[in-house]
Amino acid sequence: MLDKQKLAYSPKEAAELLGLHLNTIRKHIQAGNIPAKKLGQRILIPARALEDWLQNNPPAMQGGER
């Protein structure tokens, strides 16, 4: 599912990868549920953080559908 070569994802990439709406990903970042780093104007989600979040949250808890 996650690209093992990729170190980080943009919120848009994470939303597309997970089949969630971009706003859902943004809400989880703002709530601190998904750790993200801001580099200049870009927000990046470390691949490891996204993987950990997926393992610790059943799909029903992730919220939002496309």
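Biologist: In what order do the elements of the chain run from the N terminus on?

Modeller: This is a predicted model, in which local features need pLDDT of at least 70 and side-chain atom pairs count only at pLDDT 80 or more, while totals for chains, interfaces and linings use all residues. Residues are numbered from 1 along each chain as its sequence is written, and side-chain values use heavy atoms, with hydrogens and water left out. The secondary structure comprises four helices and three strands, taken as DSSP runs numbered from the N terminus (helices: H or I, at least four residues; strands: E, at least two). From the N terminus on, the order is β-α-α-β-β-α-α.

Biologist: What percentage of the 66 residues in the chain is buried?

Modeller: A residue is buried under 20% relative accessible area, exposed over 50% and partly exposed in between (1.4 Å probe, protein chains only). Of the 66 residues in the chain, the buried share is 32%.

Biologist: Is Ser10 buried or exposed?

Modeller: Ser10 is located in the loop between S1 and H1. Contact means heavy atoms within 4.5 Å; leaving aside neighbours within four places in sequence, Ser10 is in contact with Arg42, Ile43, Leu44 and Ile45. Because its relative accessible area is 15%, Ser10 is classed as buried.

Biologist: How are H1 and H2 oriented to each other?

Modeller: Helix H1 (residues 11-18) and helix H2 (residues 22-31) pack with their axes 8 Å apart, at an angle of about 120°. The contact involves Pro11, Lys12, Ala14, Ala15 and Leu18 of H1 with Leu22, Ile25 and Ile29 of H2. Axes are lines fitted to C-alpha atoms, for helices over the stretch in contact, and angles run from 0 to 180 degrees between N-to-C directions. Angles under 35 degrees count as roughly parallel, over 145 as roughly antiparallel, 65 to 115 as roughly perpendicular and the rest as oblique, and H1 and H2 are therefore oblique.

Biologist: What arc do the buried residues of H3 cover around the axis?

Modeller: In helix H3 (residues 47-56), the buried residues are Ala47, Ala49, Leu50, Trp53 and Leu54. On the other side of H3, Arg48, Gln55 and Asn56 are exposed.

Biologist: How far apart are the C-alpha atoms of Lys4 and Arg48?

Modeller: Lys4 belongs to the segment before strand S1 (8-9) and is exposed, with a relative accessible area of 68%. Lys4 and Arg48 are 44 residues apart along the chain, and their C-alpha atoms are separated by 9.7 Å.
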